[in-house]
Amino acid sequence: MTATDKHASWRGRAESAEADRTSAELDDAESIKELRTQSRRLLGSMMRPHKRAIGFLVGILVVQNFVTMATPILVMYGIDHGIPAISERGDYSVIGWIGVSFALVAILEYLCVRLYIAQSAKVSAAMLFNLRNRVFKKFQRLSVSFHERFTSGRVTARQSSDMEAIREMTENGVDDLVLAALNVVTITVVMLVIDARLAAVSLLTFPLMLLLGRWFNRVSTLAYRRARETVALLIVYFVESMGGVRAVQAYRREERDRELFAGLNTDNRFAQAAGHQQNAFMSGGMRGIGHLATVVVLLFGGWQVMQGNTELGVLAAFLLYMKRFFDPLNELVQFYNVLQSATSALEKISGVLDEEIEVAEPESPRRIERPRGELHFDGVRFQYREDQVVLPGLDLLVPGGQTIALVGSTGAGKTTIAKLVSRFYDPKAGALRLDGVDLRELSEADLRSGVVMITQENFLFNGTIAENIELGRPGASRERVVEAAKVVGAHEFIEALPEGYDTHVRKRGGRLSAGQRQLVVFARAFLADPKVLILDEATSSLDIPSERLVQRALRTILADRTAIIIAHRLSTVEIADRVLVLEHGRIIEDGHPNDLIDHGGEYATLHRQWEDSLV
Amino acid sequence: MGSERLKTPEQSETDAPPPRRSALTNLWRIKKYLHPYRYRLALLWSMVLLNIISGLSIPPVVGAAIDGPISDGDMRRLAVFAAVVAGLGAADALLNLTRRYMQTTTAMAIEADIRAALYEHLQRLHTGFHDRWQTGQLLARVTADLGMIRRFFAGGMIFAISSTGMITIILGQLLFIEWRLALVVAASAIPLFLIGRGFFRNYLPAARAEQDQSGEVASAAEEAALGIRAIKALGRGPLMAARFEAEAAELRDRGVRKSLIASRSWSAFGAIASAALGVVLVAGSVMVANGSLSVGNLTAFIMLQLALLWPIEASGWVMAHGNEAMTAADRVYDVFDTEPAIKDRPGAKVVDRASVRGELVFEGVRFGFEDDSREVLRGVDLQVRPGETLAIAGRTGSGKTTLVSLPSRLNDPTGGRILLDGTDIRDLQLANLRSVVTTAFEEATLFSMSVRENLALGRPDADERDLLEALRVAQAEFVHDLPYGLDTRIGEQGLSLSGGQRQRLALARAVVVKPAVLVLDDPLSALDVHTEELVEKALEHVLKDTTALIVVHRPSTVALADRVALLHEGRIAAVGEHSELMVSSPEYVDVLSAASEEVSA
């Protein structure tokens, strides 16, 4: 059914089919109903703060509705009374008043429209602004593991194309909706008053409209949902392949990439078209129903006139009203497109907002009175997947101020320990305490000012070098930024850049080499001045002179701090007070590096290998 | 309104057009993508016209039915009339359905075509472009802007065509009925035109500002998601939220500013139309009283004028649509008009992989970033002999990474040249060159795809044996332990893998290609000593008959190389064997001597 099916294997298999989705992707009947409720609730919560402004807007529309209705009445009055007054009595006052009334109508119309557009734009922009921030904050609070399966592309899709779909709804067409509803009600009432029987017959087609609407609602919900999903996939692929464009070019992957993108593009094209095509049926159907109503009124009304049950004028009026009844509805069908798109987008977003936070902030956080930086692993058990236990039950006490080094082969659990201390994950069993307080009870702010991790990832943000270092301590003065850079030995290369500390690092730090980025990240962490510092392969990209400088700096930096060092290069490990050798998540050696070397175990072997590698 | 104005700007395409003109120019340039659909579009537009006619054909029949059979009391003839209305109605509904169906299908197809073309163009643009442009800005062009253009072609433009037609027809009828009153109506076009012109002048830049900002917001969202670990590790969530909020607030304000401009003009459109109606009514009534106009004609005139109200009121909306489509086209052409800096020269040659010896010569190679007067490379002269493995060492910032980006033309030197077997690499076809020269970066960019897809990146036709062999060489056999082996999807940038694992996969990927020249940027930095040793042993075999250029930071990696070149301040300061340089070059010793002794010293 889709163009990508033939390439489907490229994507590979994930842990579970739903791995990269929120609950908003489910499509069984029960979930759909729940999603509808969810998105309606979200819409409600978006509108609530603007209740009064929205009421005001509806008020403007009602006034506008009456003002527009005045036009035909004034014309009628002018012809029926204004002209005879002039021709019979030479009295220009009636037509004069009508002229004045027209001026008033024009002015009122001008004011209504102007006020409505301005006010509704403000309300719509404010609602979207709040929603954007809500979604952003939610994404920030969701755990790292959520982000790893959700991907940044989806985050971007929620914040761009989904928001765009909602904006289209809130910005355009709501007035049409309200005016059409007012119109339908007014005309129904008028028709009932004029001739109830004829009105009843002409409204016979109403159930047909409802049926058509229900049909469209049902089929298009799935179509529009699928459209939102395909556009998200398109965005995910776009963001990722553009982010890695260097690799794409270096490996001449352009063609294959284009092929895959074309598949997603085509999927999206057909998914988008599907909803709009169904809308075409709805549009044609509505027009057909309108014409059918005319035929019915013509036949029944004509017969009634012939029977003498009703006047010819009434029938004529009815036929005109039928037209005015259906015309706005036909316009409205277009808006239905926008509405359905926006509803699907709201569903997606409500899925994010309702996503459970795996690593939740405590309700009533505890404070650490006097931070010492003592870490206590108490029977900590952890696994990423059910069948692969990474840490079977870790017991470890790291006294405040101690520098420990974790050593062991890939998969021994070193990085997992680092991630647990940074609370990227929570232990599945047991507890991890900082100065006696379970990390789960510590407020986010306290935890983050207490524990800082540097990894080999070296993420730089869009901005200058100084801004990137300053991230360690927002608001730090330039002197302190420079000082931090000096300590880790980054000052020299930064000064050599064209604009020094104000040099823009470009996207993801593309201006700098991996080693330079690492130094910037080091300076950032130094500036943060945490009680517990985690270095996960933080020096791997450094060349030897830089590493030497960092080593020297680390001796000072780590003096009064708890530190966890993970490094393949034992040069970094040597500054530790204590080395832990891990195997399959268990500590098999524990002691001062020199003692362990003398002891002649696993670490001694590693150390010998490393010394050999130094040539 | 738009259709006539769209036809002129062809001539200004080459000589730099003024910004306001260029907006229209760029939208006009989109016609290239309409071309394959021209017959369908012609059919579509005629259906739009037919649909207007079919819609207008029903009221006269209804009127005739009232005047005829109903007045006469002829039920049988009424049934005939009703049947005609039903037939016309069915035709009208069917036409409407078909044209909307076609309209949406065609518009979506055009949008997808432009998107594919834009993607292809982006792929060809050099890394310097991608370093400068935030992904969110590119994304906004590929999604939101193309959406606006599509909506204009499917909605605004069709509406503009039909309402222009309608206004013309009605004005003609008005002139026929009473030319003096018709002139009054026509005169109301003057303020409409003035307001419309002002609207264009103000709305275009405002729309552009908003669209630009929405790209910024998307970028901020993307960056905060990509950098989530860095943000969480530092606890900068609130700071990032504040920054995002500032961007979002700017977007909100720009959106409101745009709408305020719209509110000032749109509101005037309806008011002017109503005022004109008032003038006609008053003047017409006087004329009727004077006897120079019949009541019937005045009524007809006003009825027709009422029909004008809606198209005029809606023209504001259509103009806004058109404006947004213009800015969107502008933004899209920002990208299309960026020429790839690195591309095939005319008459570029193709070399046969099998006949490449792999001699790589740098001749006075210079490189500087375009925004920086100081050069990173200041005349690099270096020869890598066929089959030789040459290591590049140097301090942070000495230009190593820049240097190794040159042989596969990810960057072009700003001076000097690079020769592959005596041919300037710029005289080779890019795709061909990159199949001969393969580069692996320190940062392993893995895509959210299967391991297999990631490995075969540079050689889609690689068979299972090649993949397994490469995995063995790179000591990346851990992939067999992943839940689905080679079919396992590895996460965004391979995040669920450790740094060492990612690096080994990236190395395996380079090995799979079996290039004549292999360029590796510090390929083993994240590996532990033991694994590094194993990889080196396996690599030796691969490197035996491959020319290789390897950036090294560690003495252990130097073991792979036949010779080492020391890069210092953008020049090659020394070349030779490791043991020689350890004696002859103090600078080299400083860069590559074991760190431990220094630390304990």
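B:D421 is placed in the loop between β4 and β5 of chain B. Its phi is near 50 degrees, a positive value in a residue other than glycine. B:D421 counts as partly exposed because it has 19 C-beta neighbours inside 10 Å; the cut-offs are 20 or more other C-beta atoms within 10 Å for buried, 12 or fewer for exposed, and anything in between for partly exposed, with C-beta atoms placed from the backbone. The model is predicted: local features need pLDDT of at least 70, side-chain atom pairs count only at pLDDT 80 or more, and totals for chains, interfaces and linings use all residues. Residues are numbered from 1 along each chain as its sequence is written, while chains are lettered from A and ligands numbered from 1 in the order in which they are written.

**Confidence**

- The average pLDDT of chain A is 86, and 96% of its residues score at least 70; pLDDT is the predictor's confidence in each residue, from 0 to 100.
- Residues 1-7 of chain A have a pLDDT below 50, and this stretch has nine contacts in the model beyond near neighbours in sequence. Two residues are in contact if their C-beta atoms, placed from the backbone, lie within 7 Å.

**Where the chains meet**

- Chain B puts 158 residues into the contact and chain A puts in 153 residues.
- On the side of chain B that touches chain A, helix α11 (residues 237-290) of chain B gives the most, with 31 residues. Helices (H or I, at least four residues) and strands (E, at least two) are DSSP runs, numbered from the N terminus.
- That side of chain B has 79 nonpolar, 50 polar and 29 charged residues. Here Ala, Val, Leu, Ile, Met, Phe, Trp, Tyr, Cys and Pro count as nonpolar, Asp, Glu, Lys and Arg as charged, and the others, Gly among them, as polar.
- Helix α4 (residues 144-171) of chain A packs with helix α9 (residues 189-226) of chain B at an angle of about 170 degrees, and their axes are 8 Å apart. Axes are lines fitted to C-alpha atoms, for helices over the stretch in contact, and angles run from 0 to 180 degrees between N-to-C directions.
- The angle therefore makes α4(A) roughly antiparallel to α9(B), a term for angles over 145 degrees; under 35 counts as roughly parallel, 65 to 115 as roughly perpendicular and the rest as oblique.
- Among the residues that meet in this packing are A:H147 and A:S152 in α4(A), and B:V217 and B:A218 in α9(B). The residues of this contact are six nonpolar, five polar and one charged.

**The four-stranded sheet of chain B**

- This open sheet has the order β2-β1-β4-β5, with antiparallel pairing. Two strands pair if DSSP finds at least two bridges between them.
- β2 (377-384) and β5 (423-424) of chain B each have a single partner strand, so one side of each is left without a neighbour in the sheet.
- Strands β1 (residues 360-367) and β4 (residues 415-420) of chain B run antiparallel and are joined by five bridges. In β4(B), B:G415 stands opposite B:R366.

**Strand β8 of chain B**

- Five of the five residues of β8 (residues 547-551) of chain B are buried, so the strand is largely enclosed by the rest of the structure.
- B:T547, B:L549 and B:V551 point one way from β8(B), while B:A548 and B:I550 point the other way.
- β8(B) pairs in the parallel sense with strand β3 (residues 389-394) of chain B over four bridges, and B:L390 stands opposite B:L549.
- β8(B) also runs parallel to strand β7 (residues 517-521) of chain B, with five bridges, and B:L520 stands opposite B:I550.

**The six-stranded sheet of chain A**

- This open sheet has the order β6-β7-β8-β3-β9-β10 and mixed pairing. Its edge strands, β6 (451-455) and β10 (586-591) of chain A, each pair on one side only.
- The twist averages 20 degrees from one strand to the next.
- Helix α16 (residues 514-528) of chain A packs on the sheet, where it touches β6 and β7 (532-536) of chain A.

**Single residues**

- B:R409 has a positive phi of about 60 degrees although it is not a glycine. B:R409 lies in the loop between α13 (400-404) and β4 of chain B and is buried, with 22 other C-beta atoms within 10 Å.
- A:E363 is in the loop between α10 (312-354) and β1 (375-385) of chain A. With 6 C-beta neighbours inside 10 Å, A:E363 counts as exposed.
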